[in-house]
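Trainee: I would like to go through the interfaces here, term by term.
Mentor: Good. Here is the structure.
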Protein chains: 2
Amino acid sequence: MIITMAHGSGGAFTSELIDEIFVKEFDNETVKELEDCAVIQGSTRIAMTTDSFVVKPIEYPGGDIGRLCICGTVNDLLMRGAKPKYITCGFIIEEGADSETLKKIVHSMAETAKEAGVIIVAGDTKVIDGNGGIMINTAGVGFVKEGLDIKSTNLQVGDQVLLSGNLGDHHATILASRMNITNSIKSDNAPLNDLVSNLLKENVTIHTMRDVTRGGLATVLTEISRSSNLDIKLEENKIPVSSAVHDFCGLLGLDPLYMGNEGKCIVVLPKEETEKALEIIRKSNYGENAVVIGEVKEKAEDKACVYIETEIGGKRILDVLQGEGLPRIC
Amino acid sequence: MIITMAHGSGGAFTSELIDEIFVKEFDNETVKELEDCAVIQGSTRIAMTTDSFVVKPIEYPGGDIGRLCICGTVNDLLMRGAKPKYITCGFIIEEGADSETLKKIVHSMAETAKEAGVIIVAGDTKVIDGNGGIMINTAGVGFVKEGLDIKSTNLQVGDQVLLSGNLGDHHATILASRMNITNSIKSDNAPLNDLVSNLLKENVTIHTMRDVTRGGLATVLTEISRSSNLDIKLEENKIPVSSAVHDFCGLLGLDPLYMGNEGKCIVVLPKEETEKALEIIRKSNYGENAVVIGEVKEKAEDKACVYIETEIGGKRILDVLQGEGLPRIC
């Protein structure tokens, strides 16, 4: 079935889409109520976040926009130490989209939500003119334990910076798809619940966590460094990149430090927690390649920054991503 | 400034947009933290909802997409008896949009959020190819008192159906704007906090509330009638429509029963509560034209329905909106 403007009317055709696709896949009591708004159990301290997903193509090696839109929002909740609980989804569908494609995407959302332990509690569908594209916004709510305060202003001198795995896979996948290049690279899109909940369960002290998405590692670390007003020294040769992505980057002149990922995070914590944390992360789902990549340092210049020491003892200061990166990467 | 793909990169240009427009307008402690996810005070029972807004044109008499995207989500929360608290916003901006327009829209969001008593706690910005359009998703969280259970399966025979004001204004405004017709009609986009909180404060028993948006009154009431498996008898001559909208509909052959509104709701409640509720709503903001428009009846046929008695004693059964209505009305 081809999706038309009528499916965005709020009338009979919208109901058909809701009944036939969304309710069937997001099979839970709240969605079945068909209210415009869910009423659900809360908690005295909550986390809340949102992201829109406009990735092109919507299906790619290793995932699709359905998996991505759950992972992205779940990971943002996790990075504040929250237990992800509820997701809302807003579909903006371009006229001409195939309902079979939509079904696949929605199925992928449902599967990923199960993996990430979240319930999809409310949704909305709009149809706009266009060429059959699908965009999805997700917002998420999670519960945060009293006393837990993980944020980017928490860095302390001597803290170690851990990276949960290889850089660049998602970015390289999307770019290769657009260029019709076939290779072995797959997107890393994944929910990081296991990794974070294992760290919290074992009472590891965490100062900051951040998923390494748009803008890449250099951008994310620079933002954190500025928030805490401390420098971060990176060990460039420690930063893990798969050989396939390494070769792909060499070919196209890309820098993995600025490439987007969708299942990687950095964890910044006191030096004495490092070994324990590394061991936990490496045993967790999607954390097997975790390594220490840097350390928090006193600010050396006027402005806090992230830097790499070059082999001859110079300093290469990294900055946030300039320019446009890869449009519609997520 | 013209917005380009670089503003969606997650790097320096995105930061500029966030600092210069969003943080300035959404001036609160949570937004200033610049985290990807907000950690905020919760409650043991919460309501959660989402809507995307793709209205065209984005500015129209009486409002704009900024006002609309706050009202729509706030009203969905209110309809379940929740006190609206937090809003997230996901911007999808088409390349070529003017940052001055974006500023106006964001200012309008900030003003409406103030009026509606909600805080904008998190956001996201994506830039896509296109022609300078702006789309916004909002998700909302509200707090719900224990024991309060307002939902569409609650109807009881004899319940009265109240409508908070005139029908058709938003739909007529958008259509007139697209047709370049100048008239006195303005959108009704408004947050209904005052009306709902006054009803709850006075302990009025409410069975169901629903804002009358896409699909119009006929669609919304049919959905409720089916959920409760009871008929609703409407008094057609009681349904309020302004003379300007009445004339506009006559000219174009539109039916106000199927026209979208953005600041109107129906309240269904026990007969003995009607007079008290009417008085409260009429004294509340945006409720001055409230009237009783119908009554809940035993189901007469196999399928529950909404109907109007014709002058000669026949029955006109209403259904949900068929076809596409007015695309991109909200």
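Mentor: Start with a definition: a salt bridge is a side-chain nitrogen of Lys or Arg within 4 Å of a carboxyl oxygen of Asp or Glu. Note also that this is a predicted model, where local features need pLDDT of at least 70, side-chain atom pairs count only at pLDDT 80 or more, and totals for chains, interfaces and linings use all residues. Residues are numbered from 1 along each chain as its sequence is written, chains are lettered from A and ligands numbered from 1 in the order in which they are written, and side-chain values use heavy atoms, with hydrogens and water left out.

Trainee: Why is the pair A:Asp129 and B:Lys56 called a salt bridge?
Mentor: The closest N and O atoms of A:Asp129 and B:Lys56 are 3.8 Å apart. The limit is 4 Å, so the pair qualifies. Chain B and chain A have 12 salt bridges between them.

Trainee: What makes residues of chain B and chain A count as in contact?
Mentor: Contact means heavy atoms within 4.5 Å. By that rule, 70 residues of chain B meet 70 residues of chain A.

Trainee: How do you know how much area chain B and chain A bury?
Mentor: Buried area is the accessible area (1.4 Å probe) that two parts lose on being put together, summed over both. For chain B and chain A this comes to about 5700 Å², with 56% on carbon and sulfur atoms. B:Met48, B:Arg80 and B:Arg214 supply 14% of the area that chain B buries against chain A, more than any other three residues.

Trainee: Why are S1 of chain A and S1(B) said to pair?
Mentor: Strands are DSSP runs of E, at least two residues, numbered from the N terminus; helices are runs of H or I, at least four. Two strands pair if DSSP finds at least two bridges between them. S1 of chain A (residues 38–53) and S1(B) have 9 bridges, so they pair, in the antiparallel sense. A:Ala38 stands opposite B:Met48 in S1(B).

Trainee: What makes domain 1 and domain 2 of chain A separate units?
Mentor: The bounds come from an automatic or database domain assignment. Chain A is divided into domain 1 (5–143) and domain 2 (160–318). Their centres, taken over C-alpha atoms, are 28 Å apart.

Trainee: How many salt bridges link domain 1 and domain 2 of chain A?
Mentor: The count between these domains is 0. They still touch: 21 residues of domain 1 contact 22 residues of domain 2 in chain A. The area buried between the two domains is about 1700 Å², 59% of it from carbon and sulfur atoms.
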